[in-house]
Amino acid sequence: MTNQIELSGVNKHYGAFHALKNINLTIAKGTFVALVGPSGCGKSTLLRSLAGLETISEGELKIAGELMNNVPPRKRDVAMVFQSYALYPHMTVEENLTYSLRIRGVPKAEAKKAAEEVAATTGLSQLLKRYPRQLSGGQRQRVAMSRAIIRHPKAFLFDEPLSNLDAALRVHMRKEIRALHDRLHATSVYVTHDQIEAMTMADHVVVMREGVIEQQGKPLELYDTPANKFVAGFIGSPAMNFIPGVVAEDGKSLVIDLGSVKQKIAVDHQVQAGRKVTVGMRPEHIGITAAGRGTFDVPIAVVESTGSSTFVTAATTPELTIVETGRGTARAGETVGVTVDHSQLHLFDENSGVRL
Ligand SMILES: Nc1ncnc2c1ncn2[C@@H]1O[C@H](COP(=O)(O)OP(=O)(O)OP(=O)(O)O)[C@@H](O)[C@H]1O
Ligand SMILES: [Mg+2]
């Protein structure tokens, strides 16, 4: 597979502010990549740098093998889809779609045909004569995507395209975007701060924090083996529990400290005795059983049921979150036993947060 996008040693400074720090990222043709991370981590800056809307301060940026550092946006042959849609309000859907073709001198009849073809793929055929104000949010988003598709770009760049839509439509549109990507054999870079969106849509997820790529890989690689505490806490919902622990004399078990509960548990691999660690336990990897029957007992503070699953919060320090599928059996105020599968534990260095 050829590489469609290559960033090596990319840095971006806004005056004294260092927004992108030594970014190295290779995107193979046909891949769907998601950039995720908290607000302000540099996702949009990275995407805008790909589009040429920002100039990078150092490093190399290649698209389809060509160095793009000084190439203006319109010559990069990439299409950006924004959260705000950025449609022209005084133009019909058809005019919005054909605008980029018409300014390039494509004959009117040919542009109209292209618009009709794209509209058929994106379900807009019946809406070509309407104005943006006469469309729903989801339809507007589809126009924005169609306008990108009509140009046959080398890559699609999405900046939080679904954040203005309600929850149900978001779920629907994320499947639609992914299906379109597959059908068009496109290369897509998709910015979101929603890790569920990233995990479900992308082949490759890039987790950023403060201008740095913390980890990148397949969605389930990040879930199964997060490189550090930040990624571990960011990927997975509800978030992973972090509990302080000290490795015991034998190096094969550790004592976790939940305030009122101090418990020795086995670990899967040898760790240096006496080492202080942070133990990561995903809420879905902790089970609930009768008091005295589990690995240790905890008092229950809160029980929240969504119908399909139940979130249980134990009154420990730090609090422990447990997810049960279905209605669950725990009641607030009770003491229950919890079971911990030691093969599912994650260990991080207490200070650096790096995975052990
Ligand atoms: N033109 C600018 N001048 C100075 N600083 C900027 C500029 N644009 C962005 N920044 C800063 O760079 C950092 C990264 O911004 P960016 O917009 O890339 O974040 P983001 O990850 O997209 O966040 P969000 O999820 O909130 O959209 C932020 O701290 C922001 O304040
Ligand atoms: Mg942004």
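Biologist: Which residues lie nearest the centre of the largest pocket?

Modeller: Val78, Ala79, Met80, Ser100 and Arg151 do, out of 22 lining residues. This is a predicted model: local features need pLDDT of at least 70, side-chain atom pairs count only at pLDDT 80 or more, and totals for chains, interfaces and linings use all residues. Residues are numbered from 1 along each chain as its sequence is written, chains are lettered from A and ligands numbered from 1 in written order, and side-chain values use heavy atoms, without hydrogens and water.

Biologist: What is a pocket, and what is a cavity?

Modeller: Rolling a probe the size of a water molecule over the atoms shows where empty space is left. The search uses a 1 Å grid over the protein atoms alone. A cavity is a set of points where a 1.4 Å probe fits but cannot get out. A pocket is an open set with protein on both sides within 12 Å along at least five of seven lines. Lining residues have an atom within 4 Å of a point.

Biologist: What is the volume of the largest pocket?

Modeller: About 710 Å³. A volume is the space filled by probe spheres set on the points, with grid points joined across faces, edges and corners.

Biologist: Which elements give two or more residues to that lining?

Modeller: Strand 6 (78–82), helix 2 (93–103) and helix 4 (137–149). Strand 6 gives the most, with five residues. Helices (H or I, at least four residues) and strands (E, at least two) are DSSP runs, numbered from the N terminus.

Biologist: How does the lining of the largest pocket divide by class?

Modeller: It has 15 nonpolar, two polar and five charged residues. Ala, Val, Leu, Ile, Met, Phe, Trp, Tyr, Cys and Pro count as nonpolar; Asp, Glu, Lys and Arg as charged; the others, Gly among them, as polar.

Biologist: At what angle do helix 2 and helix 4 pack?

Modeller: Axes are lines fitted to C-alpha atoms, for helices over the stretch in contact, and angles run from 0 to 180 degrees between N-to-C directions. Here the angle is about 30 degrees, with the axes 8 Å apart. Helix 2 and helix 4 are therefore roughly parallel. The cut-offs are under 35 degrees for roughly parallel, over 145 for roughly antiparallel, 65 to 115 for roughly perpendicular, and oblique for the rest.

Biologist: Is their crossing left-handed or right-handed?

Modeller: Right-handed. That label applies if the near helix is turned clockwise from the far one by less than a right angle; anticlockwise is left-handed. Val93, Asn96 and Leu97 of helix 2 meet Val143, Ser146 and Arg147 of helix 4. Contact means heavy atoms within 4.5 Å.

Biologist: How many cavities of 30 Å³ or more are there?

Modeller: Two. Helix 5 (167–184) is among the elements giving two or more residues, and helix 5 gives the most, with four. By class, this lining has seven nonpolar, two polar and no charged residues.

Biologist: What lines the second largest cavity?

Modeller: Among others, Glu160, Arg170, Asp194 and Glu197. The lining divides into one nonpolar, three polar and four charged residues. The space is about 30 Å³.

Biologist: How do helix 4 and helix 5 cross?

Modeller: At roughly 15 degrees, with axes that come within 11 Å. Helix 4 and helix 5 are therefore roughly parallel. Their crossing is right-handed. The contact includes Met145 and Ile149 of helix 4 and Ile177, Leu180 and Leu184 of helix 5.
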